[in-house]
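Please keep the sequence and the structure in view while reading.

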Amino acid sequence: MMIEYLILILLILLSATFSGMTIGVFSLSLTSLEAKAKIGDKRAKKIIPLRKNGSLLLSTLLFGNVAVNTAVAIILNSVANGFVAGIISTMLIVIFGELLPQAIFARFALDFGSKMVWLVKFFMIILYPVSAPAAFVIDKILGKESPTLFSKQEFSEIIKHHEDSPDSLIDSDEERILLGALSFSDRQVYEIMTPRTVVYDLNKNTILNVSKIEEIKQKGYSRIPIFDTNTDNMIGILFVKDLIGLVPSENITVEELAHKDKLIYVEWNDKLDKVLDIMVKSHNHLAIVIDEFGVFNGIITLEDIVEEILKIEIVDEQDKIIDLQKYAREKIKNRLV
């Protein structure tokens, strides 16, 4: 009788292992395990070889669980009458073979899963003749397990969830930057550009005398668009740093210092990731924004895009107006009034 009870306890433990591993290991996607393994998680490294062959693992665990639970019912039936044996086996299997182990493994899947790898491998060998054909059929019907991929919206929600969790190592600044990096490529130029009505630009024939250089200095811009006859005909960019050491004169015009090779155009509805790529490849910090008809709409700078990624306003000591789009709207309202 004692031997039967010992066997019964052993079978319940095996049932708990099979059940717990099924819910625990399969709650861990192969993608997340590989990510954890790359950053040095030894527990994930142990589980990956099992998890890679998901169909065989699942077949082994289920066959093993069914076989063990059947054995529990048979043994109990030999020591008690049928009705009592049925009630006892049901309670033992549900509570100790299913409920508790699944609850534990679901919460500590990596810890318990990595410790049980050796045992599962043993049963994979023992049950291979029955589990392998089942796994083959599953793969043929359903195909191999696909990697877990997340959309940008899903990534955003994951990041927000991590930041809200008290155990997360992601702080509010990191969350802001990560969310900005994920969302900036969906934004368009017109949403962050400086409108033409508040752009400081100069005619190519502007004389760089004392008063004009002082005016440029007071404006505080590092780059100024230069136009020919009107703002729809931009010809270059003036780098204010080129004025350092320049002796003011009535004979020097803005056109002489303009960088015509630094002029790039983007459309008002271009995505910000496209514009960033253009700026990086052309080594430019400012682009002229035009509409579909080639009409000058405003300018966009590398700083504007960086601010959109970081989700903060970068204000230096020369900035007099923080939100130029808001300023442009206020100007037109005042003009209408």
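Ala 287 stands opposite Ile 300 in strand S7. This pair belongs to the antiparallel contact between strand S6 (residues 286-290) and S7, which are joined by 5 bridges; two strands are said to pair if DSSP finds at least two bridges between them. Helices (H or I, at least four residues) and strands (E, at least two) are DSSP runs, numbered from the N terminus. In the hairpin of S6 and S7, 5 residues lie between the strands, and Gly 294 takes a positive phi near 80 degrees.

The model is predicted: local features need pLDDT of at least 70, side-chain atom pairs count only at pLDDT 80 or more, and totals for chains, interfaces and linings use all residues. Residues are numbered from 1 along each chain as its sequence is written, and side-chain values use heavy atoms, with hydrogens and water left out.

Strand S7 (residues 296-301) also pairs with strand S1 (residues 194-195), antiparallel and through 2 bridges. Here Thr 194 stands opposite Ile 299 of S7. Because 6 of the 6 residues of S7 are buried, this strand is largely enclosed by the rest of the structure. Buried means under 20% relative accessible area, exposed over 50%, and partly exposed in between (1.4 Å probe, protein chains only).

A further group of strands forms an open sheet of 3 strands in the order S2-S3-S4, with mixed pairing. Strand S2 (202-203) and strand S4 (234-239) stand at the edges with a single partner strand each, so one side of each is left without a neighbour in the sheet. Strand S3 (residues 223-227) runs antiparallel to S4 and is joined to it by 5 bridges. Within this pairing, Phe 227 has Met 234 of S4 as its bridge partner.

Two residues in helices can now be considered. Gly 97 is found in helix H5 (residues 82-107) and is buried, because its relative accessible area is 0%. The C-alpha atoms of Gly 97 and Thr 197 are separated by 73 Å, with the two residues 100 apart along the chain. Lys 212 has its place in helix H11 (residues 210-219). Is Lys 212 buried or exposed? Lys 212 counts as buried because its relative accessibility is 19%. From Lys 212 to Lys 326 the distance is 27 Å, C-alpha to C-alpha, and the two are 114 residues apart in sequence.

Another lysine, Lys 42, lies in helix H3. Lys 42 counts as exposed because its relative accessibility is 66%.
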